[in-house]
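Hi,

Here is the structure I promised to pass on to you. Have a look at it first, and then read on for what turned up when I went through it.

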Amino acid sequence: MNLTPSQIWFAIGLGLLLLELLVPLPTFLIAGAMGLSALVVALVALVVPLTAVHVVIWIALSALLTLLLRRFVPLDSKKLAEAVEGVTTTEIPAGQCGRVKYEGVSWKARCDDVKIAIPEAQKVYVLRRQGTTLIVVPEKWLAEHD
């Protein structure tokens with residue numbers, strides 16, 4: 001079964017849109033922008049058969065849509081300041097990263113104290129955000145250090 005370039009771009013677009021919708025990672029609408037761009041390129045591929053043109057259009061349109069959609073993503077951490085509690089969805093090994101459910105979204109997280117491991121399903125407090133990683137401490141740690 002031979003797929004046309006248009007079908008390939010359509011599949012890529014749907015895959016990226018599904019990634020944006022279904023995977024609990026904070027993609028900040030980038031996967032969605034890339035998916036929408038791939039769907040547009042699928043239409044272009046029906047008329048223009050050159051793969052290089054497809055790639056250039058996809059990259060340019062993805063960048064443009066990402067810039068346009070970024071205004072819908074809060075740049076500051078006001079939401080982080082309002083809600084400071086989360087729950088670990090995986091273990092956070094000492095000095096390493098794990099995952100925390102925070103504000104209904106799964107985030108990569110690291111404990112502020114590199115000597116402490118936090119087990120799964122533990123309440124944590126979010127101290128700050130570094131990029132897309134939350135810096136957390138376990139609830140019991142705060143009780144011990146009050």
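**What was found**

The chain has an accessible surface of about 9,000 Å², and carbon and sulfur atoms account for 66% of that. Please keep in mind that this is a predicted model. Of the 146 residues in the chain, 31% are buried.

As for the layout, there are five helices and five strands. Starting at the N terminus, the order of elements is α-α-α-α-β-β-β-β-β-α. If you take the contacts between residues at least 6 apart in sequence, 51% of them join residues at least 24 apart.

Let me begin with the helices. Helix α2 (residues 30–45) packs against helix α3 (residues 51–69) at an angle of about 140 degrees, and their axes are 8 Å apart. The crossing of α2 and α3 is right-handed. On the α2 side, the residues in this contact include Ile 30, Met 34, Leu 36, Val 40, Val 41 and Val 44, while α3 contributes, among others, His 54, Ile 57, Trp 58, Leu 61 and Leu 65. Sorted by type, the residues of this contact come to 14 nonpolar, four polar and no charged.

In soluble globular proteins, nonpolar side chains tend to be buried together.

Val 136 deserves a look of its own. Leaving aside residues up to four places away in sequence, Val 136 touches Ile 92, Ala 109, Arg 110, Cys 111, Asp 112, Ile 118, Val 124, Tyr 125, Val 126 and Leu 127.

Finally, two backbone angles to check in your viewer. Most residues other than glycine have a negative phi. Glu 103, however, has a positive phi, near 55 degrees. This residue is in the loop between β2 (97–102) and β3 (105–111), and Glu 103 counts as partly exposed because its relative accessibility is 44%, between the 20% and 50% cut-offs. Ala 121 also has a positive phi, near 65 degrees, and is found in the loop between β3 and β4 (123–130). With a relative accessible area of 55%, which is over 50%, Ala 121 is therefore exposed.

Terms used: Residues are numbered from 1 along each chain as its sequence is written. This is a predicted model: local features need pLDDT of at least 70, side-chain atom pairs count only at pLDDT 80 or more; totals for chains, interfaces and linings use all residues. Side-chain values use heavy atoms; hydrogens and water are left out. Helices (H or I, at least four residues) and strands (E, at least two) are DSSP runs, numbered from the N terminus. Buried means under 20% relative accessible area, exposed over 50%, partly exposed in between (1.4 Å probe, protein chains only). Axes are lines fitted to C-alpha atoms, for helices over the stretch in contact, and angles run from 0 to 180 degrees between N-to-C directions. A crossing is left-handed if the near helix is turned anticlockwise from the far one by less than a right angle, and right-handed if clockwise. Contact means heavy atoms within 4.5 Å. Ala, Val, Leu, Ile, Met, Phe, Trp, Tyr, Cys and Pro count as nonpolar, Asp, Glu, Lys and Arg as charged, and the others, Gly among them, as polar. Accessible areas come from the Shrake-Rupley method with a 1.4 Å probe; for residues, only the protein chains shown count as cover.
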